[in-house]
Amino acid sequence: DQSQLDLGTSVYVRRSVGDAVRSMSRFREVKRFPFRPNCSYAFAVNNRKDRISLHGVELVPGGVGTRNTILNRFVHSADAAEY
């Protein structure tokens, strides 16, 4: 059913120091993927000094049920052998 659409995964950007102090949060949500049955999403994760991906789930309130998820993680290494 569509009852948990607001429980999706969010993508964030880091706030500047002044903005973080004013908002009480170090991160700002820029996109939330709806938690929709039988749907998927994908994004590239960056983990570099100048660019880092931040994603997560907002605090899930009690009593909303179970958030069942299948996670498929693909990791590419520059050292991996090519097929």
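Modeller: Going along the sequence, the protein chain shows the pattern β-α-β-β, which comes to 1 helix and 3 strands; both kinds of element are DSSP runs numbered from the N terminus, with helices (H or I) of at least four residues and strands (E) of at least two. Please keep in mind that this is a predicted model, where local features need pLDDT of at least 70, side-chain atom pairs count only at pLDDT 80 or more, and totals for chains, interfaces and linings use all residues. Residues are numbered from 1 along each chain as its sequence is written, and side-chain values use heavy atoms, with hydrogens and water left out.

Let us begin with the sheet. The 3 strands form an open sheet in the order β2-β1-β3, with antiparallel pairing; two strands pair if DSSP finds at least two bridges between them. β2 and β3 are the edge strands, each pairing on one side only. On average, neighbouring strands of this sheet are turned by 40 degrees against each other, direction ignored; the axes are lines fitted to C-alpha atoms, for helices over the stretch in contact, and angles run from 0 to 180 degrees between N-to-C directions. Between β1 and β2, which run antiparallel, there are 5 bridges, and Tyr12 stands opposite Glu29 in β2.

Now to the pockets. Rolling a probe the size of a water molecule over the atoms shows where empty space is left. Here a 1 Å grid is laid over the protein atoms alone: a cavity is a set of points where a 1.4 Å probe fits but cannot get out, a pocket is an open set with protein on both sides within 12 Å along at least five of seven lines, and lining residues have an atom within 4 Å of a point. Grid points are joined across faces, edges and corners, and a volume is the space filled by probe spheres set on the points.

The largest pocket has a volume of about 1100 Å³. Its lining has 27 residues, and Tyr41, Ala42, Phe43, Leu71 and Asn72 lie nearest its centre. β3 gives the largest share of this lining, 3 residues. By class, the lining of the largest pocket has 14 nonpolar, 10 polar and 3 charged residues, where Ala, Val, Leu, Ile, Met, Phe, Trp, Tyr, Cys and Pro count as nonpolar, Asp, Glu, Lys and Arg as charged, and the others, Gly among them, as polar.

The structure holds 1 aromatic pair: the rings of Phe33 and Tyr41 have centres 4.2 Å apart and planes at 5 degrees, so the pair is stacked. Rings of Phe, Tyr and Trp (its six-membered ring) pair if their centres lie within 6.5 Å, and planes under 30 degrees apart count as stacked, over 60 as edge-to-face and the rest as tilted. Phe33 counts as buried at 17% relative accessibility, whereas Tyr41 is partly exposed at 37%; buried means under 20% relative accessible area, exposed over 50%, and partly exposed in between (1.4 Å probe, protein chains only).

The second largest pocket holds about 160 Å³ of space. Among its lining residues are Tyr12, Phe43 and His55. β1 (9-14) and β3 are the elements that give two or more residues to this lining, and the largest share, 4 residues, comes from β1. By class, this lining has 7 nonpolar, 3 polar and 2 charged residues.
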